[in-house]
Amino acid sequence: MKKTIALWGALTAAALLVTGCTVEEPAAAQTPAPARTTAPPAGHKAPGDPAAARAAAYRKWGLKPFAAPPAPPSVKPVVRPAGGPVPVISEIPTREKIVFLTIDDGAEKDPGFVRMMKDLKVPFTMFLTDASIRADYPYFAPLIAQGHGLANHTLTHPNLPTLGPEAQRREICGQQTRLKERYGITPRLFRPPYGNWNEATRAAAGECGVDAIVLWRESMQIKNMQYQRGDRKLRPGDIILAHFRGPSELKGLTMTEMTATLLRRVQEQGFTVARLEDYV
């Protein structure tokens, strides 16, 4: 019996050799090699990184990004009491290293400034005079759409204390109505031309629905700021005044160049910019 089995095995092996068939061993399981990765160079920003995009936008205007302002206070530090007089302010009470930018009149309508503010997203408030903007109302619409504040600077820019109470009311209320008609917004803030006001101004502003009369602590000239205080330094909460001006008033500089210089002056003193309407 054993001889028969052995003979059968030998015949089977010979048949396999003749046909060229072989018995394969099971293939060993293989683990795929890990994909090769290359670490990004130090300081590399991934495509679409908001910080990189923001830095590029500021670089376009020769600036460095501002630090983010603190969250607005849950209770505004400047509030008009019900039935009370309109507050008159030159700064916001705060300990944060923030300042507030305001730009007056509206005479210069530089398209580059609209692009600049879209890129930088630095908040500011426009105090507009109808006599200055009526030639081109649409210019200011994109700035409002960007979220910048719209405020009242009278119809014709008079020295208000030289006018009677009714004439002052017409200047202030008339501009409230005009801005509402043109932009769909009734301003809450008012700045008297030249910073001049009296109690009749304050009473008229209150009748016209104004929540605060906004003055300033510093004003931007051409290349430097003019300070009201002797130490010539910004302080937390200061309101800064600038104007919509062009090369004819800035000794050849454009409004974007003046604005870039203003922003550098703010950064040099370690401040960032907050939105005025969040505090008043």
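In strand β4 (residues 149-152), G149 and A151 point one way while L150 and N152 point the other way, and all are buried. Buried denotes under 20% relative accessible area, with exposed over 50% and partly exposed in between (1.4 Å probe, protein chains only). Helices (H or I, at least four residues) and strands (E, at least two) are DSSP runs, numbered from the N terminus. The model is predicted: local features need pLDDT of at least 70, side-chain atom pairs count only at pLDDT 80 or more, and totals for chains, interfaces and linings use all residues. Residues are numbered from 1 along each chain as its sequence is written, and side-chain values use heavy atoms, with hydrogens and water left out.

**Strand pairing**
- Strand β4 pairs with β3 (residues 125-128) in the parallel sense over four bridges; pairing requires that DSSP finds at least two bridges between two strands.
- Opposite L150 in β4 stands M126.

**Disulfide**
- One disulfide (a pair of cysteine sulfur atoms within 2.5 Å) is found in a search of the whole structure.
- The disulfide is formed by C173 and C208, with sulfur atoms 1.8 Å apart.
- C173 lies in helix α6 (residues 165-183) and C208 in the loop between α7 (199-207) and β6 (212-214), so the pair ties together parts that are 35 residues apart in sequence.
- The link of C173 and C208 is left-handed, with -90° about the S-S bond.
- C173 is buried at a relative accessible area of 16%, and C208 is buried at 10%.

**Helix α2**
- D49 caps the N-terminal end of helix α2 (residues 50-60), a side-chain oxygen lying 3.2 Å from the backbone nitrogen of A51.

Conventions. Polar contact = N/O pair within 3.5 Å; in protein donor to acceptor, adjacent residues only side chain to side chain.
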